[in-house]
Structures are given as C-alpha cells and as structure tokens.
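Please study the sequence and the model shown below. The paragraphs that follow lead from single residues to the arrangement of helices and strands.

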Amino acid sequence: MASGDGVPEKVAWVLVRGDRVLVTRSHGRGRFYFPGGHRETGESDSETLMREIDEELRAVIDPRSMVHFGTFEIGEDHPEHGPFRMICYSADHRGRLTPAREIAEMAWFRYADRDRVSAVDEMVFDALHMGGQLS
C-alpha cells in the first residue's frame with residue numbers, strides 16, 4: 001500500500017542474532033528480503049508487522065518491544081524499481097520461526113551476503129554494518 005505521498009511502503013522486521021540478520025525468500029523469487037509487508041487499510045505499523053510476521057513466519061511480535069530502526073527509501077529513478085519506502089523495526093518475538101504462506105525459505109545472512117537482497121534491503125544491511133551489528 002502507498003503512503004499519503006503515493007510512495008509504496010513496506011513495514012519490515014530487522015532481527016539480528018550474533019552477526020547475522022534474518023531474511024526471507026518468497027516462492028518464485030531469487031532475491032531475499034526482510035520479512036514484513038504492506039499495510040492494510042487503517043493498520044498501524046505495529047499491527048502490520050504483527051500480522052505479517054504471523055502470516056509469514058508463524059511468530060508473534062511483541063508490539064511493546066518494537067523499536068524503529070530506520071526508514072529507507074529509493075527514488076523513482078532507481079534502475080531496479082522505485083520509488084519505494086521500507087519502514088524497519090526491531091522487536092522481540094515468541095514462537096519458533098517457521099516459513100509459511102508465500103515464504104519459501106528463511107536464512108541468516110552476514111554482510112557478505114548483501115548482494116543477494118534487494119536494493120532497499122542493501123541500505124539496511126549497510127546501516128547494520130556501519131552500526132557494528134552485522135559483520
């Protein structure tokens with residue numbers, strides 16, 4: 001769904017463990033992406049993230065633990081696709097992470113795997129790396 005300014009947005013979960021970050025790949029796609037998705041009408045960021053992570057990974061996000069990690073955007077002139085905005089949160093969860101619905105697989109990537117994700121996801125990898133969370 002697009003924001004008020006017409007830019008398509010995704011609410012994404014950034015889960016770091018050790019020196020790796022969780023990414024997922026949908027059926028029929030080659031690239032990996034941060035788990036999450038688009039808002040449904042009237043949803044807040046926390047409602048969107050909780051619904052999407054339940055649908056995609058069968059885990060329950062604790063909305064009280066959500067911390068805005070950053071908002072990342074590519075412009076309309078980007079060669080891959082654009083414009084696009086991704087609003088990222090870290091958060092605690094309950095339950096075993098289990099790929100479901102459109103998710104074919106999940107993986108734990110290091111910074112060296114950055115070339116296997118989308119352009120906007122690469123920006124998040126860079127921010128994690130610069131912050132010392134991803135090596």
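Ser-26 is buried, because its relative accessible area is 17%, and buried means under 20% relative accessible area, with exposed meaning over 50% and partly exposed in between (1.4 Å probe, protein chains only). This residue belongs to strand β3; helices (H or I, at least four residues) and strands (E, at least two) are DSSP runs, numbered from the N terminus. If residues up to four places away in sequence are not counted, Ser-26 touches Glu-102, Ile-103 and Ala-104, where contact means heavy atoms within 4.5 Å.

The model is predicted: local features need pLDDT of at least 70, and side-chain atom pairs count only at pLDDT 80 or more, whereas totals for chains, interfaces and linings use all residues. Residues are numbered from 1 along each chain as its sequence is written, and side-chain values use heavy atoms, with hydrogens and water left out.

Ile-61 is located in strand β5. Apart from neighbours within four places in sequence, the contacts of Ile-61 include Trp-13, Leu-49, Met-50 and Ile-53.

Helix α1 (residues 45–57) contains 13 residues and reaches 17 Å from its first C-alpha to its last, close to the 18 Å expected; the expected span is 1.5 Å times one less than the number of residues. Among the buried residues of α1 are Leu-49 and Ile-53. The buried residues of this helix pack against several strands, including β3 (20–26) and β5 (60–61). Just after α1, Arg-58 adopts a positive phi of about 55°.

The next topic is a sheet. Strands of a sheet pair through backbone hydrogen bonds, either parallel or antiparallel. Here an open sheet of four strands has the order β4-β1-β7-β6, with mixed pairing; two strands pair if DSSP finds at least two bridges between them. Its edge strands are β4 and β6 (67–74), each of which pairs on one side only.

How does α1 lie relative to this sheet? Helix α1 lies across β1, β4 and β7 and runs at about 65° to β1. Axes are lines fitted to C-alpha atoms, for helices over the stretch in contact, and angles run from 0 to 180 degrees between N-to-C directions.

Strands β6 and β7 pair in the antiparallel sense over seven bridges, and Phe-72 has Met-86 in β7 as its bridge partner. Helix α2 (residues 119–130) packs on the sheet and touches β6 and β7.
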